Amino acid sequence: MRSQTMFILVLIIFFYLIMSLNSLGYISVYHMVNLPPGYYECIYENVNNGLYVVYYSTAPIYFVIQTLGGYTVFSFQGSSYYGYVNLSSGEYKLLFVNNMTNTNVTIQTYIGNGRPSPTGIADYGIESVKGVVSPYIEKFNEVVGVAQIYYISAYNNSLNSYGASLQLNTVLQVNTKYGSQQYWLQNVIEFITNTSQYYYEDNVWNFTSSTSVLNTTSVIGEGSIYSTFVGITLNDYYAYDTQFYKLTYPLYTALIIRVNSTPQGVNILFGYLNETSFNYYDNVTIKVQGITSAYLLVDGYNNTGSGNAYDTEFVFGGQYGGEITKFNQINALIYMFYLNNNTIIIPKSLLPFGIDTAEASDNLVTIPYQGAYQVKVGEGEELLIPNTSSPFKAKIINGSKVIDIGQRGEIELNVTGGEPPYIVEIGNKTFVDLFIGNTYYPITPNKVGNLTCSIIIRDLYGSILELNHSLEVNPDPSVNITILRNVTDVRLPVVFTIHPKGGTPPYTETWFINGTAVSSKTAFNYTFTSAGVYNITVKLTDFVNYTVEDSAMLIVYKDPTLVVTTNATESDEGIPIALNVNSSYGVPPYMIKVYVNGTIVNSSIIKSETELPLNLPYGTYLVNITLTDSVGYQLSNDVILRFNQDPILTINWTSQNNFLVKTTSINLSGEGSRGIPPYTYTVYVNGKEYYTGNNLSLNIPLKLGENNVTIIMKDSLGITATRTIIVYSNYNWVNIIIISLIILLFIISLLLLLRRK
């Protein structure tokens, strides 16, 4: 069951391809040559709702429409006819009878059975002037189709349900020493309307014969060669498509096909308008031997080798594969023009339906609109688009009133009617405007002051419109950053200021530090929290949005440090205390000041390592050391120093005697004061060191005679106090005489006693 279902599906798709691609043209083209006198050509047509008929012949003929039963429903005599014949549904015979002259006639006919048809604008190479149909020929090497699409929505019950296309199609004529060749070139925008996407695709078909034959050696480009059925015949074609793009409205675009011959063959460029310039997305070369010329061709006299018309079309239809689609909604303006060696050619006559385009729509109508053609949902029996001219108009919608000299101003013009594209001259600049309606143009003045801009607009007919626009032009603004210094310390505020000049006040400022916005003031303070190198930038925008900027580099150092040491915090008068000051970081050189009890005692010091001796009178002092680096960062340290009076030595001594000698020794004691304890005592007796210690309490023996006792007291800083005493040690002669007398008396007494015995 599953395989049977798949087989049926394949048959349906195959049938769809055959049926749709078989209808490569919705208007039948017939070219009848040398119809002898008395002969006729009979064409059978199935009519849905009326018939479009255009013919011209080299001599008057009799044209008649009959039912299959031979009943005449319409007839006309003449050498051309251009019109719509209202017929009820059914099959009819169209007879072209050469019975009005005795000469052979050539007849060219276009027979259209109404919608569905590719709808837009098409140049068949025929025009009707006062009811007379005349063929013409246009040769050119470029064709441009311009489109302004404001909305598009399509749906059909097919493989590409929401697809639609806008196609620029034309015929390439290639002449060689061996004959001529024709190719059908297609540059297409394909829309996926439900997902708002589109892409570009180009195709090349071989119209030289009834079967399109191409191969990879004859056609080279970005794309590839594919095959498809046209009717029951397998045909080759070349194709390439781009990536998808997001569809946003309005879509202003243009399609272009450009050809030129080369020694190897014909080069074809397919492109589209990308904002202001054409982007050529595919470069195709058709290799042709013995080429003599190549050009794009609209020819109302002849058909291609495949029997197709030499026409150029810019039409809406289904997406691809012969798809017929119904448009739910569409609002589009289109027109096209040719270029031949930079000369612009306007199509002489346009019809609303394409001939050779396979894809079609069944509910669109084309009407002239302000110099272009509007395609919208609708019905009509139009065969020829009325060649009505629309008044050429231009007005200024909006424009810059004040700008700066280096700034590009803008003016919005609304240009309609006439024959687009338009040539717009503003000052010394010339622009080509492809689009109908509002367009923005740049204004680039070359001097300051109150100016009047002259605007000249020309259409392709040569009509000229002139407008004037007043504009005030000021000098460009300038800005310079002012920083008192380009180095600083962490946590030391820096003031940034600017002085803008020129431009159009008021100004808006934005300050950036290493790319981060930090302020929007003319001047501001900023305190950095870390060291480093910083880029300071200010962007200044004046009232008319002209922006200039200036930058400066700032180096931020670590905050300075201050280390103060002393060799002592207490000293004696006359002995300096060494004050050592060390500093680092910050921005040298440094300024160091020393204050003693609030009074500066030194000249400024700029060294980072300094030793300063302080020799102060007796007292206690608050010493303040202040460091200021070169950017004004200040810090200070305090130390308390004490200077004492010189040490004082107080001594006491008492003599020690015996019976025979006076002052045999002395008891020496003493005590130091002032200075800086502890004290060290050294006692010298008669020049010889007798004692050294921290306690002065001792007994000193003396020699007979004069004794010199010197006591030297030294405090902790080495300051000394000296005391000297002279002590005499003598015999006690009184006691000695008394003792001597006593001894003498004892001896005498002893002698006397002995004599008595």
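Select strands S49 and S52 (residues 609-614) to begin: 6 bridges join these two strands, which run antiparallel. Strands here are DSSP runs (E, at least two residues), numbered from the N terminus, and two strands pair if DSSP finds at least two bridges between them. This is a predicted model, in which local features need pLDDT of at least 70, side-chain atom pairs count only at pLDDT 80 or more, and totals for chains, interfaces and linings use all residues. Residues are numbered from 1 along each chain as its sequence is written, and side-chain values use heavy atoms, with hydrogens and water left out.

Display Ala578 next; its bridge partner in S52 is Pro613. Of the 8 residues of S49 (residues 577-584), 6 are buried (under 20% relative accessible area, with exposed over 50% and partly exposed in between, for a 1.4 Å probe and protein chains only).

Move to Phe76 and Tyr81, whose rings form a tilted aromatic pair, 5.1 Å centre to centre with 55° between the planes. Rings of Phe, Tyr and Trp (its six-membered ring) pair if their centres lie within 6.5 Å; planes under 30 degrees apart count as stacked, over 60 as edge-to-face and the rest as tilted. Phe76 is partly exposed at 28% relative accessibility, whereas Tyr81 is buried at 13%.

Finally, select Lys539 and Phe512: the charged end of Lys539 sits over the ring of Phe512, 5.4 Å from its centre. The criterion is NZ of Lys or CZ of Arg within 6 Å of the ring centre and within 35 degrees of the ring normal.

Key. Helix = DSSP H or I, 4+ residues; strand = E, 2+ residues; numbered from the N terminus.
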